[in-house]
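Here is a short tour for a first look. Keep the sequence and the 3D view side by side as you read.

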Amino acid sequence: PPQTDHAYYLNSPGALTEMSLVISKFVKHEFDYIIFDSITNLMTYQKQPVVHKFVSSLARKAEGKKTKFVFLALDLPDHKSLVQQCSMYVDGTVNA
């Protein structure tokens, strides 16, 4: 489908550079929140260092902006390392 001001489409969930560019557009709209569900699902498409770099990039985009990011992550043993690494870039974490 064609891109519009209200909907953005990606070629693949693993296209993190493309996803980052689209999220930059969302930040310009000054939404109150962007909820990212979920960083651990990205591990299906990319290796952990790439996902970690992607999350740190998103966290930098949010600095000083009106839009706040909420990152969701699955609480699985295989993902603990990624979640611990990414928690360095957020203001707080909640375990549920």
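How do the residues of the lining of the largest pocket divide into nonpolar, polar and charged? They divide into 17 nonpolar, six polar and six charged. One caution before going on: this is a predicted model.

## The pockets

The largest pocket holds about 910 Å³ of space. It is lined by 29 residues, and F71, V90, G92, T93 and V94 are the closest to its centre. Three elements, α2, β2 (68-72) and α3, each supply at least two residues of this lining. The largest share comes from β2, with five residues.

T93, one of the residues closest to the centre of the largest pocket, sits in the segment after α3. T93 has a relative accessible area of 57%, so it counts as exposed. Its C-alpha atom is separated by 9.7 Å from that of V83, ten residues away along the chain.

The second largest pocket has about 240 Å³ of space. Of its 15 lining residues, L10, M19, I23, F36 and D37 are the closest to the centre. Here α1 and β1 each supply at least two lining residues. By class, this lining has twelve nonpolar, two polar and one charged residues.

| Pocket | Volume | Lining by class |
|---|---|---|
| Largest pocket | about 910 Å³ | 17 nonpolar, six polar, six charged |
| Second largest pocket | about 240 Å³ | twelve nonpolar, two polar, one charged |

## The core

Now turn to the nonpolar core. The largest one has 16 residues, and M19, I23, F36, L42, F54 and F69 touch the most other members. Two or more residues each come from α1 (16-28), β1 (33-37), α2 (48-62) and α3 (80-86). The most come from α2, which gives five.

Leaving aside residues up to four places away in sequence, F36 touches M19, I23, L42, F54, L58, V70, F71 and L72. M19, I23, L42 and F54 are, like F36, among the core members that touch the most others. F36 is also one of the residues closest to the centre of the second largest pocket, as are M19 and I23.

## Helix α2

How far apart are the end C-alpha atoms of α2? They are 21 Å apart, and this agrees with the 21 Å that its 15 residues should span at 1.5 Å a residue. The buried residues of α2 are Q48, V51, H52, F54, V55, S56, S57, L58, A59 and A62. They pack against α1, β1, β2 and α3. An α-helix has 3.6 residues a turn, so residues three or four places apart point the same way. Just after α2, G64 takes a positive phi of about 75°.

## Contacts across the sequence

V27 is found in helix α1. With a relative accessible area of 8%, V27 is buried, because the cut-off is under 20%. V27 and T67 are 40 residues apart in sequence, yet their C-alpha atoms are 6.1 Å apart in space. Beyond residues up to four places away, V27 touches I34, K61, K65, T67 and F69.

I34 lies in strand β1. At 10% relative accessibility, I34 counts as buried. I34 and K68 are 34 residues apart in sequence, and 6.3 Å separates their C-alpha atoms. The contacts of I34 beyond four places in sequence are I23, F26, V27, T67, K68, F69 and V70.

## Backbone exceptions

Most residues other than glycine have a negative phi, and most peptide bonds are trans. Which residue has a positive phi although it is not a glycine? E30 does, with a phi of about 55°. E30 is found in the loop between α1 and β1. At 48% relative accessibility, E30 counts as partly exposed.

The peptide bond from D37 to S38 is cis, with omega near -5°. S38 belongs to the loop between β1 and α2. D37 is also one of the residues closest to the centre of the second largest pocket.

Technical notes:
Residues numbered from 1 in each chain as written. Predicted model: local features only at pLDDT ≥ 70, side-chain atom pairs only at ≥ 80, totals over all residues. Heavy atoms only, no water. Core = buried A, V, L, I, M, F, W, Y, C linked by side-chain atoms within 4.5 Å. Buried < 20%, exposed > 50% of the residue type's maximum accessible area, 1.4 Å probe, protein only. Helix = DSSP H or I, 4+ residues; strand = E, 2+ residues; numbered from the N terminus. Contact = heavy atoms within 4.5 Å. 1 Å grid on protein atoms, 1.4 Å probe; cavity = no way out; pocket = protein on both sides within 12 Å on 5 of 7 lines; lining within 4 Å. Points joined across faces, edges and corners; volume = space filled by probe spheres on them. Nonpolar A, V, L, I, M, F, W, Y, C, P; charged D, E, K, R; others polar. Expected span 1.5 Å × (residues − 1).
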